[in-house]
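Work through the exercises below with the model open. Try each task before you read its solution.

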Amino acid sequence: MTIRREFDTAILLLAVVLTCFGVVMVYSSSSIMAAKRFGDDFFFLKRQGIFAVAGFALMAAAMYIDYRFWRRLTVFVMATAVILLVLVLIPGVGASVGGASRWLRLPGFSVQPAELAKLAMVFYLAHSLARKKDKMKSFKLGFLPYMLVLGCLLGLLLLQPDLGSAMVIAGVSMAMLMVGGARLSYLISVALLAVPVLYMAIMQVDYRRRRILAFLDPWEDPYNTGFQIIQSWTAFGLGGVFGKGLGEGQQKLFYLPEAHTDFILSVVGEELGFVGVLVVAAMFLVLCLRGLRIAQQAPDDYGRHLAFGLTFLIGLGAFINMGVVLGLLPTKGLALPLLSYGGTSLLTTLFALGVLLNISRQSREDKP
């Protein structure tokens, strides 16, 4: 039987703490740059603060809306994500930054459709896996349709190009399909077939190839392709165990590129030290473990797949970002959920946590 209980307090508290801490770190890492670029050292702080307030409102609404409601909007959400991914590729509609068209400019802010596409894929898979649970062993009915949908999304993302988001969606999809009962042989076959495609996508594109070479040996080109990771390592090294103090970091002073977005954890490392980074990593670990527990106790298959997918999406994003800034993974250009500057990422993550909290309010209990 299904019982109603309180929201998962740990996830709720972690969502609030990480978001508020992220707002503080966005200001700490961006104030000097904002003052020079916009003449207002509070520029990024004000915007991130607005996004945080809007995100909390969105999370609160999702907490009290039965998660099954979103199942009825699956097709609409997926169609909207695909349309936005197409629009961003149209010259004059999508905003191009650094050779990549990943944003739609709206009055006062930008939208990154890739973030919505990640959520859309999770909701689609949760709905479909719950409906097809008895057909998942079939290649034609239980595997091929997912590969077609996934291929469509990945193709649109690679046209932007956004290899990082494409790899996240692919990873989350494969994990959900494995948990959903797809044959392991199918998943392994697709992974093996993807290897040469991924190799070509990386090695035939100059900037991606240089990123891989910089990952293998950043000191080969320390002032160009290896600059980011070297400056990130320098930030961690300067921070030591306890850090130099909040706001006292030096690497954010035009040494560390993207200090308030992709490399915000490096600023945490310099200002709050190894202890600060460890606490942040521990909070994400606890959040993921609680999310998996919610998935295990969900009252139905849809809730179980949805909770797992949302948890894995947030956890994988955090893992990749941390791996990049520590030099364990090649640079991907992915934000650290809840901490990095960015409205679309923050809003979608808090919404996902709101849905997860609603699932947590409902648990499965066996009848005596």
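**Exercise 1. Find which residues touch the most other members of the largest nonpolar core.**

Step 1. A nonpolar core is a set of buried Ala, Val, Leu, Ile, Met, Phe, Trp, Tyr and Cys residues joined through side-chain atoms within 4.5 Å. Buried means under 20% relative accessible area, exposed over 50%, partly exposed in between (1.4 Å probe, protein chains only).

Step 2. Check the ground rules. This is a predicted model: local features need pLDDT of at least 70, side-chain atom pairs count only at pLDDT 80 or more, and totals for chains, interfaces and linings use all residues. Residues are numbered from 1 along each chain as its sequence is written, and side-chain values use heavy atoms, without hydrogens and water.

Step 3. Read off the core. It holds 94 residues, and Phe123, Leu177, Leu265, Leu306, Leu353 and Val355 touch the most other members. Helix 12 (residues 301-325) supplies the largest share of this core, 13 residues. Helices (H or I, at least four residues) and strands (E, at least two) are DSSP runs, numbered from the N terminus.

**Exercise 2. List what Leu353 touches, then examine Leu338.**

Step 1. Leave out residues up to four places away in sequence; Leu353 then touches Ile11, Ala15, Met59, Leu287, Ile314 and Leu338. Contact means heavy atoms within 4.5 Å.

Step 2. Locate Leu338: the loop between helix 12 and helix 13 (343-360).

Step 3. Check its backbone. Phi of Leu338 is near 75°, a positive value in a residue other than glycine.

Step 4. Leu338 has 2% relative accessibility, so it counts as buried.

**Exercise 3. Describe how helix 4 (residues 113-131) and helix 6 pack.**

Step 1. Take the geometry. The angle is about 180°, and the axes lie 12 Å apart. Axes are lines fitted to C-alpha atoms, for helices over the stretch in contact; angles run from 0 to 180 degrees between N-to-C directions.

Step 2. Name the arrangement. Helix 4 and helix 6 are therefore roughly antiparallel (under 35 degrees counts as roughly parallel, over 145 as roughly antiparallel, 65 to 115 as roughly perpendicular, the rest as oblique).

Step 3. List the contact residues. Helix 4 contributes Ala114, Ala117, Met121, Tyr124, Leu125, Ser128 and Leu129; helix 6 contributes Pro145, Tyr146, Val149, Leu150, Leu153 and Leu157.

**Exercise 4. Characterise the peptide bond between Gln160 and Pro161.**

Step 1. Omega is about -5°, and the bond is cis.

Step 2. Pro161 sits in the loop between helix 6 (144-158) and helix 7 (163-180).
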